[in-house]
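Dear colleague,

I am passing on to you the structure that follows, together with an account of what was found in it. Please keep it open beside this message as you read.

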Amino acid sequence: MCGIVGYFGNNDAVPLLIKGLKRLEYRGYDSAGLAIMSGDSFMVNKKAGKVAELESLVSESGLTGSVGIGHTRWATHGEPSDLNAHPHTDYTGKFALIHNGIIENYAALKKLLEKKGVEFRTQTDTEVLVQLISTIYHEEDTTFQSAVTSALEKIVGTYGIIVMCSDVPNQLIAARLGSPLVLGVGEGEYFIASDASPLVEYTRNVIYLGESECLFIGDDGYEIKKLGNSESINKKVSRIDFTLEEIEKGNYPHFMLKEIYEQEHTIVDTMRGRLLLDEGTVHLGGIQDHLLRIERARHFYITACGTSWHAALIGKYILEEFAGIPVHVEYASEFRYRELIIDSQSVVIAISQSGETADTLAAIQKAKEKGCLTFGICNVVGSSISRETDCGIYTHAGPEIGVASTKAFTAQVSVLYMLALHLGRKNGFSKKDGIALTHALHNLGDRVIDVLNQSDHILTIAKETMDANNYLYLGRGTNFPVALEGALKLKEISYIHAEGYPAAEMKHGPIALIDEKLPVVFLAPHDQTYEKVLSNIQEVKARKGKVITVTDKITPELESLSDHLIEVPVSHPRTFPILATIPLQLLAYHLAVLRGCDVDMPRNLAKSVTVE
Ligand code: AGP
């Protein structure tokens with residue numbers, strides 16, 4: 001979703017901001033813009049479309065200056081257009097503002113300002129905020145700082161903002177509520193961004209702004225205050241935990257492919273130092289202080305969105321099976337508004353790659369209000385969800401740039417396996433079984449390579465099915481969420497309609513879709529459901545559907561029933577859902593590339609959904 005970048009220092013802000021915006025492109029956007037302070041005025045350039053188009057515009061206009069702000073917009077209020085792109089300016093032309101989030105009471109504020117004679121040029125909620133700041137500044141004859149803070153006190157909604165004012169050209173003000181901001185502290189220069197990726201090239205020292213915190217940057221340095229409080233807050237400077245190389249494509253044509261291949265290491269990295277191979281259990285440092293409460297919980301809720309919700313569903317199956325504890329899985333968008341029977345004996349787990357998804361964050365806040373223990377499974381260190389939860393386990397998959405989540409999913413599932421194993425071992429899961437599973441998990445890297453080596457074979461399958469307009473994915477048990485995830489991957493990046501179903505549910509509706517044009521992907525490991533899935537395959541075959549089977553062992557009956565087979569060799573049956581996800585990622589990737597789609601930046605999608 002929208003990206004923010006700001007610069008305050010002695011260097012030319014323009015190339016730094018353009019590069020920063022390019023690093024934020026992965027978040028998803030439809031327009032981009034810059035405002036650069038030069039002397040005691042600023043100039044704004046903005047453009048619908050890609051950052052490259054803004055870059056050409058900026059080079060024509062000869063913009064330079066050492067203080068500036070830049071933005072990539074993902075439209076919420078008002079169509080994607082040059083005019084609606086940020087920065088927005090006020091009626092006097094003294095203020096420029098960039099904003100992530102949604103101002104919910106913008107209509108009421110707009111009416112109020114219009115009554116005072118303010119004329120609006122855009123349909124955006126953001127323009128209301130900059131006009132409000134300006135109105136307060138002029139009406140109350142107050143300072144830049146207090147105009148911004150008193151405007152923010154009138155706002156209902158979420159924001160991450162940076163504002164500049166031409167009356168105070170050597171100052172930048174930033175603030176956040178529900179939309180992340182990070183300050184990069186360099187040598188005599190400061191960077192502000194919506195995530196750390198634009199900063200890592202210049203500094204590894206960062207401060208994550210907390211909720212309702214305002215940041216004031218000027219010639220004397222920076223100061224952070226809580227909104228409505230005049231005292232400065234002393235905040236810890238953290239170190240960025242990833243390298244520049246990790247956020248670059250390297251030799252891969254797409255981030256998504258790079259991230260699929262990285263799973264050889266990321267799955268193992270997630271479990272590194274956590275598997276106790278000789279004892280057949282795990283050590284999970286991040287939840288150590290709350291273990292007793294977790295072990296005694298009456299039930300678990302797992303809440304998440306999208307791909308992370310699919311991981312949650314696998315978590316339900318294995319936690320209930322290994323540990324015998326009831327687990328409810330809820331979309332965060334439902335969790336936050338639903339009447340839930342939760343209390344201090346409930347553990348609420350939030351799963352999020354970004355740690356910034358608005359609904360998941362709100363679900364956690366609700367769980368806290370109800371007295372539940374909150375537990376985060378996040379990938380981004382220092383993210384809002386990781387800070388808001390009582391305890392948690394990082395997935396350590398490294399930065400995920402491709403909009404379609406891949407390595408984060410397998411890392412999330414790996415964490416859930418470890419959690420299920422830990423709780424299971426307290427609840428009847430034998431040491432012998434624990435040892436077998438920990439060893440299999442420990443050795444997953446080699447098995448991942450076996451799957452990745454089939455990329456060309458999967459490309460051949462993609463070539464043969466690339467004209468299909470619909471796809472069906474079917475699996476049972478823990479492989480039902482894998483089917484859902486396979487379908488989501490395909491939809492997101494290739495725009496082919498796809499659905500995931502529990503295999504047996506096919507007969508209750510989706511079977512009507514089956515004809516010779518419909519590819520049906522089956523997840524068919526040799527577990528207790530194998531025979532049943534085999535019957536489902538036969539039902540599809542009988543109706544001339546194209547069967548693509550992902551299995552742990554090719555058998556003659558699978559060979560005769562399947563049009564295409566993908567073998568995922570496992571050393572432990574439990575690891576099949578993790579490994580079987582990878583060919584589905586590759587299938588979606590190849591299909592999207594063959595159909596000429598923008599794999600890393602699919603239309604309409606944002607990497608991190610920071611608005612409701
Ligand atoms: C995954 O491919 C999607 N882009 C999306 O469903 C994503 O998983 C969802 O928005 C949740 O994001 P999070 O894990 O960062 O909370």
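The residues that line the second largest cavity divide into four nonpolar, two polar and one charged, and they are Asn470, Tyr471, Leu472, His497, Ala498, Glu499 and Leu513. Strand 22 and strand 23 are the elements that give two or more residues to this lining, and the space in the second largest cavity comes to about 30 Å³. Please bear in mind throughout that this is a predicted model.

A search of the whole structure finds two cavities of 30 Å³ or more. The largest cavity has a volume of about 100 Å³, and it is lined by 14 residues, among which Cys2, Trp74, Thr76, His86 and Gly101 are the closest to its centre. Sorted by class, the lining of the largest cavity holds five nonpolar, seven polar and two charged residues.

In what order do the strands of the open five-stranded sheet follow one another? The order is 23-22-24-25-26, and the pairing is parallel. Strand 23 (497-502) and strand 26 (564-567) each have a single partner strand and stand at the edges, so one side of each is left without a neighbour in the sheet. From one strand to the next, the twist averages 15°.

Strand 25 (residues 546-551) then pairs with strand 26 in the parallel sense over four bridges, and threonine 549 stands opposite leucine 565 in strand 26. Helix 17 (residues 530-542) packs on the sheet, where it touches strand 24 (519-523) and strand 25, and its direction makes about 170° with that of strand 24.

Is strand 24 mostly covered or mostly uncovered? Strand 24 is mostly covered, since five of its five residues are buried. Both of its faces are covered, with Pro519, Val521 and Leu523 buried on one side and Val520 and Phe522 buried on the other.

Strand 12 (residues 213-218) and strand 13 (residues 221-226) run antiparallel and are joined by six bridges, and the two strands form a hairpin with two residues between them.

The remaining notes concern the pockets. The largest pocket holds about 730 Å³ of space, and of the 45 residues that line it, Phe242, Val380, Gly398, Pro399 and Glu400 lie nearest its centre. Which element gives the most to the lining of the largest pocket? That element is helix 6 (residues 255-271), with five residues. By class, the lining of the largest pocket is made up of 14 nonpolar, 15 polar and 16 charged residues.

The second largest pocket holds about 580 Å³ of space. Its lining has 27 residues, of which Cys305, Gly306, Thr307, Glu492 and Val609 lie nearest the centre. Helix 8 (306-323), strand 19 (346-352), helix 10 (358-369) and helix 16 (479-494) are the elements that give two or more residues to this lining, and helix 8 gives the most, with four residues. The lining of the second largest pocket divides into 12 nonpolar, 12 polar and three charged residues.

With kind regards

Notes. Residues are numbered from 1 along each chain as its sequence is written. This is a predicted model: local features need pLDDT of at least 70, side-chain atom pairs count only at pLDDT 80 or more; totals for chains, interfaces and linings use all residues. Side-chain values use heavy atoms; hydrogens and water are left out. Two strands pair if DSSP finds at least two bridges between them. Axes are lines fitted to C-alpha atoms, for helices over the stretch in contact, and angles run from 0 to 180 degrees between N-to-C directions. Contact means heavy atoms within 4.5 Å. On a 1 Å grid over the protein atoms alone, a cavity is a set of points where a 1.4 Å probe fits but cannot get out, and a pocket is an open set with protein on both sides within 12 Å along at least five of seven lines; lining residues have an atom within 4 Å of a point. Grid points are joined across faces, edges and corners, and a volume is the space filled by probe spheres set on the points. Ala, Val, Leu, Ile, Met, Phe, Trp, Tyr, Cys and Pro count as nonpolar, Asp, Glu, Lys and Arg as charged, and the others, Gly among them, as polar. Buried means under 20% relative accessible area, exposed over 50%, partly exposed in between (1.4 Å probe, protein chains only).
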